[in-house]
Amino acid sequence: MKVKTESSKLIKPFYEDNIIPPSTRTYIPLSVFDKVTYEAQIAIIYAYRPPTPPNAAIQLGLQKALAIYREWAGRLGKDEHDNPVILLNDEGVRFVEASADSTLDKVMPFKPSASLLNLHPSLNNVVELVQVQVTRFTCGSLVVGFTAHHTVADGHSTSNFLVAWGQACRGLGINPLPLHDRTIFNPRNPPLIEYEHKGTEFMSKSVKKENSLNESTHHVTEDIVVHKVHFTVEFLAKLKAKASSMNNNNNNNNKPYSTFESLVAHLWRAITKARGLSGFETTHIRISVNGRMRLNPRVPNEYFGNLVLWAFPTSKVKDLLREPLPYATKLIHDAVTKVNNNYFRSFIDFANHKEEDLIPTADMSKHILCPNLEVDSWLRFPFYDLDFGTGCPYMFMPSYFPTEGMMFLLPSFIGDGSIDAFIPLFQDNLPTFKKICYSLDLLEN
């Protein structure tokens, strides 16, 4: 698949005739949640069957959405006190028009490989906070590559913006409107830091330096392959039943564990076994927890920004593999449950009084997570609702992120409740993983 760039330009928010353009000299301070998240661009790829709207209609819809979500059209910068902010200067987002030399059917389904990087603008050394590439295929199909800076917004907020973009393209009013106030997370006086946040959300600069040195002595990143696994509804139902089979002992309210908890527990065990780790090593998973539903009083779903912390279920390798599936599922359930209102409040207090030497543990520059894992779940985001006026996407997927151990979970484009998992592993570990990833019993043997 050869992709040719036809044009590349900056586009600015479009303010309707009845709206007075706002000042371009204002800014929004970053919240403690913005400062602790990944400082990196994330890329998503959408595919649409013909008929598709013209590029001009997609561009105008984007400009109208940017007039409501001005942060994306701004830039990261500093205020007069050197605090990190989003400058609302309307400098614009990158809009690239491109063409491919084949039909979409010839290259579908997209495999997770470096060729996906041709379908969106580069993620390196980018000042724009959003970039869009529309690639036309010879059959009339359209692929939209979208990149966004994580410091500005989490997946929940970004998916709300994408839905708004579609509404603007269809001539609809944007609904719901975003809540832009990032100053709502005030520390308590006096602070009440009930949990350990150093070593969880934050680490010292010296620890990061040591971790970087250790990574450079391990495998080279060329050994990493991203393997896509499809889990059917039937398999997920069996997995959930198996994970919940000891609930009478393990789960106080006797509710079955969720599909997400059950699948992540299964993948944690399968990947750990495939890695061939020593039984005495410790392994954890980093799992995002949305604070909108955890904080009390609740933060509206329309809040635009980052509002995520992480759970870190942890186990010795020998216990994870020796104990049955409900053991791992309970570890995940309990760790996620712990990240509640008290935890979020404790974090807000800590982050407002932390030592200067501390930096976030969220780090997209790491290429190898072994013996640990991270799961990015897109299962609840309405990504399939990005309708430019001729229907929803045929499929969507993450771009190519070959970070060993960083999994993405997505609803399958089949639309029946099945799940696609994108799992980066070392090439040497892949045969074992393939052999056991659909087995409910092999790990117990």
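**View 1. Three strands make an open, antiparallel sheet.** Their order is S2-S5-S4. Strands and helices here are DSSP runs, numbered from the N terminus: strands (E) have at least two residues, helices (H or I) at least four. Two strands pair if DSSP finds at least two bridges between them. Strand S2 (27-29) and strand S4 (75-78) are the edge strands, and each pairs on one side only. From one strand to the next, the twist averages 35°. Axes are lines fitted to C-alpha atoms, for helices over the stretch in contact; angles run from 0 to 180 degrees between N-to-C directions.

The model is predicted: local features need pLDDT of at least 70 and side-chain atom pairs count only at pLDDT 80 or more, while totals for chains, interfaces and linings use all residues. Residues are numbered from 1 along each chain as its sequence is written, and side-chain values use heavy atoms, with hydrogens and water left out.

**View 2. S4 and strand S5 (residues 84-87) run antiparallel.** The two are joined by 4 bridges. Arginine 75 stands opposite leucine 87 in S5. Strands of a sheet pair through backbone hydrogen bonds.

**View 3. Six strands form an open sheet with mixed pairing.** The order is S1-S6-S7-S8-S3-S16. Strand S1 (3-11) and strand S16 (395-398) stand at the edges. Each has a single partner strand, so one side of each lacks a neighbour in the sheet. Here the twist averages 15° from one strand to the next.

**View 4. Strand S6 (residues 93-100) and strand S7 (residues 130-136) pair in the parallel sense.** The pairing spans 6 bridges. Alanine 98 stands opposite threonine 135 in S7. Helix H2 (residues 55-68) packs on this sheet, in contact (heavy atoms within 4.5 Å) with S1, S6, S7 and strand S8 (142-149). The direction of H2 makes about 160° with that of S6. Helix H4 (residues 155-169) also packs on the sheet and touches strand S3 (41-48), S7 and S8. Its direction makes about 140° with that of S8.

**View 5. The structure holds 0 disulfides.** A disulfide is a pair of cysteine sulfur atoms within 2.5 Å. The closest cysteine sulfur to that of cysteine 169 is in cysteine 392, 13 Å away and too far for a bond. Cysteine 437 is in no disulfide either, with the nearest cysteine sulfur, that of cysteine 370, 18 Å away. Cysteine 437 is buried, with a relative accessible area of 1%.

Technical notes: Buried means under 20% relative accessible area, exposed over 50%, partly exposed in between (1.4 Å probe, protein chains only).
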